[in-house]
Amino acid sequence: MAPYEKAFEALGLWSWCDAGATGGPMSMDDLLAKAGAAGSDNAESFPFPSLDVLHKACGAIPRTRDMTAGLERLFLDVKDPVKVVLDPVTQPLSWALRNAIDLMQSLPWWAAILILVAIAHFAGRRIGVTVFVLMAFLGLAFIDHFGYAMQTLAIIMVCTFICVLFGVPIGIAMSRSNRLERWLTPFLDLLQTLPTFVYLIPLIFLFSVTEPKLYGIAIILYAIVPSIRLTNLGIRLVDKDVLEAGEAFGMTSWQKLYRVQLPLALPNIMAGINQTIMLSLSMVVIASLVSAPGLGTLVLRGINKLELGVGLVAGLGIVLLAIVLDRVSRAALQRVNKMHQSRT
Amino acid sequence: MTESFVSIRNLYKIFGNNAPAMVSYAKAGMHKKDMLQAHGHVLGLRDINVEIKKGEITVIMGLSGSGKSTLIRHLNRLVDPTAGEVIVNGTDIMKLDRVRLQQLRRTQMSMVFQKFALLPHETVLRNAGMPCSVRGDGRAKTDETARKWLRRVGLAGSEALYPHQLSGGMQQRVGLARALTSNSELMLMDEAYSALDPLIRSSMQDLLQELQKDLQKTVVFITHDLDEALKLADHLVILKDGEIVQQGEPQYILLNPADPYIEDFVSDINRARVLRVRSVMEKTIAEDDGYEVLDGDETLERAILRSHGAADKSFAVHSDGTRVGTLKMTDVLKALVPTAATGRNHSNV
């Protein structure tokens, strides 16, 4: 007799259980259990009342396997209506990613390097950083990884742009409403703690693997969090006295936002953007599992085909790209910080 | 000159979840300590009545926690009162909607802050021009006005600098220029000089007095420093635990402190430097008796200096060229003895 049968009997649920009972062994576990039941009976007479154990006693209770299958069915059921809305909304993302990748690859190598170095220079204004960026790209080009690096960079640029485009306004809204902050925070926590692979699972169902927006959405969902959080934090940390001064001179809330709050929160917002860039880079590698082009595909090839050298070099290329992105965005951040130096 | 620009009437401010219900307790005579103990609400201000006269410097003085910063924030409604009314230039500001309140803040009043509260990312010129640009004035006009007032407070040549490149005193000059640029009648100064060191503070006080001579703004000045209060005030309001202990002309308060609290307060100051001859003199319209002439607005310190320490000397006190009284040096000595409280409350002059 299975455990807990007595309990169901005592509760008078026996008929309900019988009605739901499904005849015949349903899973490998059941078969194994049946085979081994004769020998090791009552090895554990008081097991934890999990769904599987209870199912044995009462057929009407679903097994864990049924629950996951149910979740899958639910997801498949809502998939189509969700797609009707989500597909057109996210279409521009596919378009932007495709065009950015094409553009970066269609540029001649010298023009691409020149543009990137120029961007690095104007963002950071630090000669050391500029030289480092130049050397890094020349190095990548020298080992024939320039094209891959450009693809990765194109994806990061598009995704970071969209993260800032949405993350900063969401952060602003969050800073103005405590209720919104309370509601959004667990959601942001979830996005940050969810294992990165898990992002890909529902997205694969929703979109075809050939569409760039599949990995675009995964990257954006993962990387947008620090932009939102640090914008919110930055605005909440704005010197109350300065804000009060703005109010005392009759600023509208719009004027307060763009003359006081945003400029004073800028160091924090920039730190958030720096984090967003770094998170996009880490996600773009994982996204190569779902056809994101770039250096990540080489890493994947290294793993799949055990091509140690290919994987390692590509990995180091990613590190180099990470350092470039970090140094440039950080130099820009420091430049902003300097302007905000001690106002005591 | 004596027309009120701002009237504060029966103002109550109570902090806490159920503030409106607490007003009746406060009106019934409950004080700060009792309310906190009995009801867990903080009585910020209790029954405040102040008339702020046009063109005068009204100084509100009190120690920290006395509610003076809360009070000044009622004048531009950075803080809303729990009960009572604030009338600025004929308008009850409690009746204004958001847009009209902004309009009032833009045109009728300006504010100077203890911690300067300048925009760190904008230049001195843009900071000083902030009231104009908030109003939507053109860049050229804004810059011109800002430049004019920066020059007036002695900051010509610093227009292109950023606030963090200036010292504290200079930053507060920018704060002052910003308030003047708004070209409004009422100037609120919230412990404007408290963060400055004594020498700079003194020179900033002089600057304010000098500006006041030309501009005759209506100034509300908050301070915890009695010397500063006595130096600047035309009308002095002393706050304690959210209540007005005494208000009136500073000289009068000094000679007639209303209660032991104020007595304590005034016991430490250099009375000779603050008291003026006209407050101590005997009002006689006596004929020429051959005494040396002394102006009524001179301080007692000056009188003592003139007497060369002779205790039996007398002066003929003049004001605007006419004889108004006689000052005996014995009276001067009496005036220098700290006065005991008269026990009267709220003696208005």
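Let's start with the largest nonpolar core. In this predicted model, that core has 114 residues. Which members touch the most others? They are A:Phe137, A:Tyr215, B:Val6, B:Ile8, B:Ile48 and B:Leu75. The biggest contribution comes from helix α8 of chain A, residues 146–176, which gives 14 residues.

UniProt, in an unreviewed entry, places "domain: ABC transmembrane type-1" at residues 149–329 of chain A. Over that stretch, the chain is 86% helix and 0% strand. Its end C-alpha atoms sit 18 Å apart.

Now chain B. Here four strands make an open, antiparallel sheet, ordered β2-β1-β4-β5. Why do β2 and β5 of chain B each have one side without a neighbour in the sheet? Because β2 (42–53) and β5 (91–92) stand at the edges, and each has a single partner strand.

Strand β4 of chain B, residues 83–88, pairs with β5(B) over two bridges, in the antiparallel sense. Across that pairing, B:Ile87 stands opposite B:Asp92.

Last item: the helix on this sheet. Helix α1 of chain B, residues 19–27, lies across β1 (4–15), β2 and β4 of chain B. Helix α1 runs at about 105° to β1(B).

How values were computed
Residues numbered from 1 in each chain as written. Chains lettered and ligands numbered in written order. Predicted model: local features only at pLDDT ≥ 70, side-chain atom pairs only at ≥ 80, totals over all residues. Heavy atoms only, no water. Pairing = 2+ DSSP bridges. Contact = heavy atoms within 4.5 Å. Axes fitted to C-alpha atoms, helices over the stretch in contact; angles between N-to-C directions. Core = buried A, V, L, I, M, F, W, Y, C linked by side-chain atoms within 4.5 Å. Buried < 20%, exposed > 50% of the residue type's maximum accessible area, 1.4 Å probe, protein only. UniProt positions renumbered as here; feature names shortened; annotations may be inferred.
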